[in-house]
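Welcome! Here is a short briefing to read alongside the sequence and the 3D view. Please take a look at both before going on.

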Amino acid sequence: MFELIINIILVVFLGYSFFTHVLEAPVPAKVANNPYALQPDVWPKAIIILLEICLVINIIQIIRRNKGKEDFTLGAFVSTIPTFFKSKQFLGILILIGASLILETVGFMVTALLILFLYGMLLGERNYVRLAIASVCITLILYIVFSGMLSVNLPRGTIGFLRSFALFLESIVAGVKGIFG
């Protein structure tokens, strides 16, 4: 039942996004005047339409698969809500919500490090030194790949020393990229 409810919420949210954000998105004059240019709303429209089709198919399959089952009722769903709030899945959701709230303030480096460390703890790793080393290494690899190789501007943070550290790392990555590039 939980999967069905989430699918229905996604269908409504994507439909709302389609009609309020994608269709009303402003088109730059340079693109609007070019008859050969692909309009910026084409891909979001296509993706949302494909997602809506897949979600409707999934909803139909969920209903067919669970039709007549005792645990496929709203009452059975409501009785499982307290156990969901105690689950690792819910704690993982809270970690990601917290990360999204602190990302702009503390920057990518600290946020990624915290996510990796907390998820490691959530998954049961008890060797905190190994977990910290792995989190730092993975964060640095992600930073190098996205910032250096893909030229993605990652959030630097607004706290002074964290921003300075991010700028320092960017200068190192740019220097290495200049040597090899």
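How many helices and how many strands are there in the protein chain? The protein chain has 7 helices and 0 strands, where helices (H or I, at least four residues) and strands (E, at least two) are DSSP runs numbered from the N terminus. This is a predicted model, in which local features need pLDDT of at least 70 and side-chain atom pairs count only at pLDDT 80 or more, while totals for chains, interfaces and linings use all residues. Residues are numbered from 1 along each chain as its sequence is written, and side-chain values use heavy atoms, with hydrogens and water left out.

**Overall form**

- Read from the N terminus on, the elements of the protein chain follow the order α-α-α-α-α-α-α.
- The C-alpha trace spans about 65 × 60 × 30 Å along its principal axes.
- The protein chain has a radius of gyration of 22 Å, whereas a compact globule of 181 residues would have one near 16 Å; the radius is taken over C-alpha atoms, and the globule rule is 2.2 Å times the number of residues to the power 0.38.
- Of the contacts between residues at least 6 apart in sequence, 59% join residues at least 24 apart, a contact being heavy atoms within 4.5 Å.

**Surface and charge**

- Buried residues account for 23% of the 181 residues in the protein chain; buried means under 20% relative accessible area, exposed over 50%, and partly exposed in between (1.4 Å probe, protein chains only).
- The accessible surface comes to about 12800 Å², and 74% of it belongs to carbon and sulfur atoms; these areas come from the Shrake-Rupley method with a 1.4 Å probe, and for residues only the protein chains shown count as cover.
- There are 13 positive and 9 negative side chains, and the centres of the two sets lie 6 Å apart. Lys and Arg count as positive and Asp and Glu as negative, leaving out His and the chain ends, and each charge is placed at NZ of Lys, CZ of Arg, CG of Asp or CD of Glu.

**The largest nonpolar core**

- Seen as a group, Phe108, Met109, Ala112, Tyr143, Leu154, Leu169 and Val173 form the largest nonpolar core, with 7 residues in all. Such a core is a set of buried Ala, Val, Leu, Ile, Met, Phe, Trp, Tyr and Cys residues joined through side-chain atoms within 4.5 Å.
- Helices α5 (88-122) and α7 (160-180) each supply at least two residues of this core, and α5 gives the most, with 3 residues.
- Not counting residues up to four places away in sequence, Leu169 touches Met109 and Tyr143.

**Residues to find in helix α5**

- Phe117 is found in helix α5 and is partly exposed, with a relative accessible area of 23%.
- Leaving aside residues up to four places away in sequence, Phe117 touches Tyr128, Leu131, Ala132 and Ser135. The C-alpha atoms of Phe117 and Tyr128 are separated by 8.5 Å, with the two residues 11 apart along the chain.
- Val110 also has its place in helix α5 and counts as partly exposed at 25% relative accessibility. From C-alpha to C-alpha, Val110 and Leu140 are 11 Å apart, and in sequence they are 30 residues apart.

**Residues to find further along**

- Ser151 sits in the loop between α6 (128-149) and α7, and has a positive phi of about 55° although it is not a glycine.
- Ile172 is found in helix α7 and is partly exposed at 38% relative accessible area.
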